[in-house]
Amino acid sequence: MSIKLGKNTYGKNSVNLSKIIRHPDYHEFRQISVNVVLEGDFETAHTIGDNSKILPTDTQKNTVYALAKEHFVSSIEAFGLYLANYFISNNPPISQARIEIAEHSWQRMRFNGTEHPHAYCSGGAEKHTATIIQNEKGIEVTSGINDLLILKTTDSGFENYIKDNFTTLKETSDRIFATQCEVSWTYNSSNVLFTELFNGIRTTLLQTFADHHSLSVQHTLFAMGEAVLTKFAAVNEISLKMPNKHHILFNLEQFGMDNKNDIFIATDEPYGYITGTIVRE
Ligand SMILES: O=c1[nH]c(=O)c2[nH]c(=O)[nH]c2[nH]1
């Protein structure tokens with residue numbers, strides 16, 4: 001029996017970087033977290049401890065900070081493309097560079113309709129994500145949103161499901177729909193208008209969630225993906241993960257009160273977990 005190294009990767013995770021772009025009368029602020037994940041000819045590092053083909057993860061981290069000075073000026077996708085190409089072009093042992101970037105949501109403060117030039121407020125947990133993979137086959141760009149917390153108070157139901165000896169769930173045509181959505185989509189080119197597309201896709205996802213007459217989480221997940229593929233020709237496919245953050249009717253009858261579908265227990269766990277990828281045929 002012989003034993004050999006299987007698939008392996010190495011890189012630096014969570015390179016946390018923030019940047020100020022100073023304009024004469026206002027500042028731009030960006031905060032990102034970068035993962036570098038490299039694949040290539042690294043077998044001898046594992047088998048005989050030969051580090052001659054290893055670009056240290058410390059150097060990878062330094063490279064992210066150094067290249068951000070000139071090359072992190074617009075989208076995280078554009079910066080990821082630059083980083084992936086830099087690592088591949090300068091290091092022959094590397095056959096694939098995967099750059100994962102998550103950008104925090106900082107919103108400019110507004111007072112009386114006017115944006116403050118240098119003060120920001122957190123936009124919450126929501127993050128814009130991008131993954132760039134460059135290898136001998138080409139370049140793939142995936143963008144997405146993590147921790148997109150969305151909720152609607154009606155236009156959502158769940159009925160006509162399987163009933164068996166263990167069913168206790170009551171059918172409803174009017175429930176709260178709350179989720180912490182994770183979405184990602186791939187582009188058919190690495191040369192598209194990333195920021196405009198991201199903003200348009202995010203709005204389409206929200207609008208579809210809001211306006212859809214939802215018969216289940218599955219039903220709305222598909223509608224959201226379908227809307228994006230219908231509207232944005234640059235998107236190849238889209239994946240959505242939608243935990244069902246249950247808001248369960250609280251029993252007020254025990255106090256002789258009527259619950260008119262307005263008092264709920266918001267539960268974290270357990271939660272339904274619905275995922276799906278919507279593709280073009
Ligand atoms: O939208 C839903 N889909 C399900 O599959 C499911 N299962 C469940 O108990 N509640 C729900 N809601």
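Is Phe158 buried or exposed, going by its C-beta neighbours inside 10 Å? Phe158 has 20 of them, so it counts as buried; the cut-offs are 20 or more other C-beta atoms within 10 Å for buried, 12 or fewer for exposed, and partly exposed in between, with C-beta atoms placed from the backbone. Bear in mind that this is a predicted model: local features need pLDDT of at least 70, side-chain atom pairs count only at pLDDT 80 or more, and totals for chains, interfaces and linings use all residues. Residues are numbered from 1 along each chain as its sequence is written.

**Annotated site and ligand**

- An unreviewed UniProt entry lists Thr57, Phe158, Arg175, Val217, Gln218 and Asn244 under "binding site"; such annotations may be inferred rather than shown by experiment.
- Those positions span 188 residues in sequence and the farthest two C-alpha atoms are 49.1 Å apart, so they don't all gather at one spot.
- Around the ligand sit Phe158, Leu169, Ser216, Val217, Gln218, Asn244 and Gly272 (C-beta atom, placed from the backbone, within 6 Å of it).

**Two residues up close**

- Phe158 is in the loop between β5 (138-152) and β6 (177-187); helices (H or I, at least four residues) and strands (E, at least two) are DSSP runs, numbered from the N terminus.
- Neighbours within four places in sequence aside, Phe158 is in contact with Thr172, Arg175 and Ser216 (C-beta atoms, placed from the backbone, within 7 Å).
- Gln218 belongs to helix α5 (residues 217-231), and with 16 C-beta neighbours inside 10 Å it counts as partly exposed.

**Domains**

- The protein splits into domain 1 (15-136) and domain 2 (148-279), with bounds from an automatic or database domain assignment.
- Their C-alpha centres lie 31 Å apart, and the contact takes 10 residues from domain 1 and seven residues from domain 2.
- On the side of domain 1 that touches domain 2, α3 (76-90) and β4 (114-135) each give two or more residues, and β4 gives the most, with five.

**Cores**

- The largest nonpolar core has 23 residues, with Val34, Ala84, Ile99, Ile101 and Ile132 making the most contacts inside it; a core is a set of buried Ala, Val, Leu, Ile, Met, Phe, Trp, Tyr and Cys residues joined through C-beta atoms within 7 Å.
- Its largest share, six residues, comes from α3.
- A second, separate core of 19 residues includes Phe194, Phe209, Ala227 and Val235.

Note on methods:
Contact = placed C-beta atoms within 7 Å.
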